[in-house]
Amino acid sequence: MKQLIRALTEIIGPSSHEELVADYIEKALKKNKKLEIKRDVMGNLIARRKGSGKKIMLAAHMDEIGFMVKHIDKNGYLRFAVVGGIFNHNIIENHVKFTNNVEGVIGIEPKSFNWKEIPSGEKMFIDIGAKSKAEAEKLVSIGSLAGMKATFVDMGKRISTKTLDDRIGCAMLIELALQEIKGNNDIYFVFTTQEEVGLRGAKTSAFGISPDFAVAIDVTDTGDVPESHIMEVSLGKGPAIKVMDSGMVVRKPVIDFMKETAEKNKIPYQLEILTAGSTDAMAIQTNRDGVLAGVVSIPTRYIHSQAEMCDMDDVENGIKLIKAMIETDLKKKGF
Amino acid sequence: MNTLLKKLTEIHGVSGNEDSVREIIIEEVKPFCDTLRIDKMGNLIAFKKGTGKDRKRIMLGAHMDEVGFMVKSIDDNGALKFMTAGSIDRRVLIGKRVLVGKDRIPGAIAYKAVHNQKGEYDVLPKVEQLSIDIGFSDKKEAEKAVSVGDYVIFDTEYEERGDILKGKAFDDRFGCYAIIEIMKSKHKHDIYGAFFVQEEVGLRGSSASTYSIKPDYAIVLEGTSAADMPHEKDEADFPQMQKGVVVTISDRTFFANKEFLAFVIKTAKENKIKMQFKQPMIGGTDAGMIHKTKTGVKTMVFAVPSRYIHSPVCYASMSDLESMIELAKKTINNIK
C-alpha cells in the first residue's frame, strides 16, 4: 500500500492535466478483468464493477494544486498563476516539477521579500535554470503546468509527502477495486478531475452515473498539533466520517449508515466537522434531483503543502469501512 | 460604418434586461436559421440545420447582457441612487454620461464639485455616495420620468477610425455579432446560436440553454480585456489589440478541453489566422458553466481583445473581430 501511495504521489497532475495519474491508475485497474473502464469528456476515469443492486459512486480526485506559466521573461524566468488553493508562505524557494518533467525552483523578487508578511504570487517566479527566454521556451510555454516536488518520508506508521490530497483516496479506491467484493451492488470507482478548482469533474461524472449512494474519499484537517484550532480529529484514531463542512451537511441516514457499519465491523472512526473546505461529495449531493452522499476522510496534517502527513492505520481502516459499506445490501437500507 | 455593430453596441441591455438586444438579433438571424426559441431564462436559441450527413451539435454562445446600473431609490431632490450590475471599477464612474430606463433619458453620474469638497481629493467615494442626475430638483418630478428598478447604461456612441472601433458593451455584443455573421453561411454540422442572459452577474443564463441543447462542442465568443498598457516590469502584457483572436487556455472558471484546444491551434495555423492566448487563470465566461453541464461538453472560448472593458469606452479592432469569426467558422467546419 505504501508503495502504491508513494508511486501515486510522485506523479505530477495539476487540475486539468490529470492524464499521467489516470494512465497509472488505469494500468493498475486492468489487473481486475471484470471492471469496465472508461474516461469522460472532463477526463474522469470511471471503473465499473457491474451489479444488479443499487448504484454506488465512490469518488477520489486525481488532481493536485499547482502552477500555470503565464509569462516567460527575457532572462528565462517564468511568471505563473496558481491553480487551486496554494498557500504562498510554503512555496517560496521550493522545488516544482512540470508535467513534462522539467524541474525548477520558485524564487521571489528580493526587493519584495519581507519576512513579516506573506507575499503575493505576483512577486514570485519559477527558475528552471534557463539562461534566456529562447532557452526557456524550449522547455515550457504559456499554459504549461507544474506541481510541487517533494520527497516521500516514511516514518513507519506515518508517511509525509505532497499530494496525499487526494492520491491517498485514489490508492484506497484502487485497492478496493482490485479486491473481491461481496454482494451485487453496482459499483462505480470514479477518479475525478479538477476538484481543487471547484469540484468540476465530480459534477459531470455524477450526472452520468446518477448514483443511489455516493462516498467521496478525501483528506481532512486535524486538531492534534500544538495550539490547533478546535477540531475533534486526530491522526491514527480511525477514518473520519464527515458530518459537515463548509460546502455540505451530510444527511443523517448517511452518517448513521457509516457509523453503524463501522461499529458492526469494529472499525475505529471519528466524526468530522470541517470549517473550511469541501470535497467532491458537495457537487455530487446536489446533482440532478439530489444524491445521498457522504465522505470518508483520512485525517491529514499540513494539507496543501509538500509535507502532508497521514497515518497508515487510518488508511487501512478507511478501506475496511468502505468495503463493508459497499458490500451492504442498500436496497434493504432504502437508499 | 458597420451599422449592425453600431446598433448592437449602442442598445441598452444590462443583465436581466436583454429584450432590446434580443429583438435586434432576432431580426438579423431570422432569415438564416430554421427555428428560433426563447427559453425560460430569456436566452435566445437560433437553430440552423447542417447540410452534412454525420452531423454534430455545435453550440456557439455569446451573452447579450452588459454591465450597467439599476436605480435603487429617488431622493427628495430628484437625484437617483443606484447600484451596479456586474463588475465595474467605481473609479471610472464620476462625471460619466448615462442613459436611464427604456426611454433612454440622458443623465450624468454626479458627485459634488471640486469647490464643495474639503480635502477629499485622495478619497475615492463609494457607489452609495454617488448619484445620477437627470436634471430634476424634485422627487415627484423625477418620478414622472423614471422609477425604481429602471436600468441605466453608459451613454456611448459607437465610432470607427479605420480598423479601430470605439464604443461600449464590446463585451459581449462582439460575440452576438460574430454568431449572427457565422449563421449567415451554410455549415455541415447543426449550429445552435445561443444568445445568453445574465452573464455579467454570475453566468446564470448559459447552463439552461446548454442543458436543453446538449451540444457535442461549444464555442463561447467573447470580448475580453486587452493588456497592452504600459508595463513597469517584464511581465505578461497579452493579449493585445490588433494581434488577432484570443484563445483561452484557462481562466478562473474553466480549462479548455485539451484535444479541442490543440485542434483549434492547428486550425488557426493552417489557415493563417492571427491568434494569441489569454492570460491564464484570469476572468471567467459562460464556458465555466457550459463545460460542466450534464456529462460535460468540449468547450473553447474565443475572444476579441478590447481595451478598458466594463467602462464607458472600449477600444478594439475590426480585424481581430474578423479573425474571431474566421477561426470559429474554420473550427466548426473542420470538426469531423
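How many salt bridges are there between chain A and chain B? The count is two, where a salt bridge is a side-chain nitrogen of Lys or Arg within 4 Å of a carboxyl oxygen of Asp or Glu. In one of them, the side chains of Glu109(A) and Lys233(B) come together at 2.6 Å, N to O.

The model is predicted, so local features need pLDDT of at least 70 and side-chain atom pairs count only at pLDDT 80 or more, while totals for chains, interfaces and linings use all residues. Residues are numbered from 1 along each chain as its sequence is written, chains are lettered from A and ligands numbered from 1 in the order in which they are written, and side-chain values use heavy atoms, with hydrogens and water left out.

Between chain A and chain B, eight residue pairs are in polar contact, both residues at pLDDT 80 or more. A polar contact is a pair of N or O atoms within 3.5 Å; within protein, one must be able to donate a hydrogen and the other to accept it, and residues adjacent in sequence count only if both atoms are side-chain atoms. Strand 4 (66-72), strand 5 (78-83) and helix 5 (200-209) of chain A each supply at least two residues of the side of chain A that touches chain B. Helices (H or I, at least four residues) and strands (E, at least two) are DSSP runs, numbered from the N terminus. Helix 5 of chain A gives the most to that side, with five residues.

The contact, meaning heavy atoms within 4.5 Å, takes 29 residues from chain A and 25 residues from chain B. The area buried between the two chains is about 2,200 Å², with carbon and sulfur atoms giving 62%; this is the accessible area (1.4 Å probe) that two parts lose on being put together, summed over both. On the chain A side, Val41(A), Arg200(A) and Phe207(A) lose the most area to chain B, together 27% of what that side buries.

Val41(A) is also a neighbour of Asn257(B), which touches Lys298(B), Thr299(B) and Met300(B) as well, not counting residues up to four places away in sequence. Asn257(B) sits in the loop between strand 16 (254-255) and helix 6 (258-270) of chain B. With a relative accessible area of 13%, Asn257(B) is buried (buried means under 20% relative accessible area, exposed over 50%, partly exposed in between; 1.4 Å probe, protein chains only).

Some backbone features deserve a look, since most residues other than glycine have a negative phi, and most peptide bonds are trans. The bond joining Asp165(A) and Asp166(A) is cis, with omega about 5 degrees, and Asp166(A) lies in helix 4 (residues 164-178) of chain A. Another cis bond runs from Phe238(B) to Pro239(B), with omega near 0 degrees; Pro239(B) belongs to the loop between strand 13 (217-225) and strand 14 (245-247) of chain B.

Lys266(A), not a glycine, has a positive phi of about 55 degrees. This residue is in the loop between helix 6 (252-264) and strand 15 (270-273) of chain A and counts as exposed, at 76% relative accessibility. Leu203(B) has a positive phi too, near 50 degrees, but counts as buried at 13% relative accessibility. The place of Leu203(B) is the loop between strand 12 (190-196) and helix 5 (206-213) of chain B.
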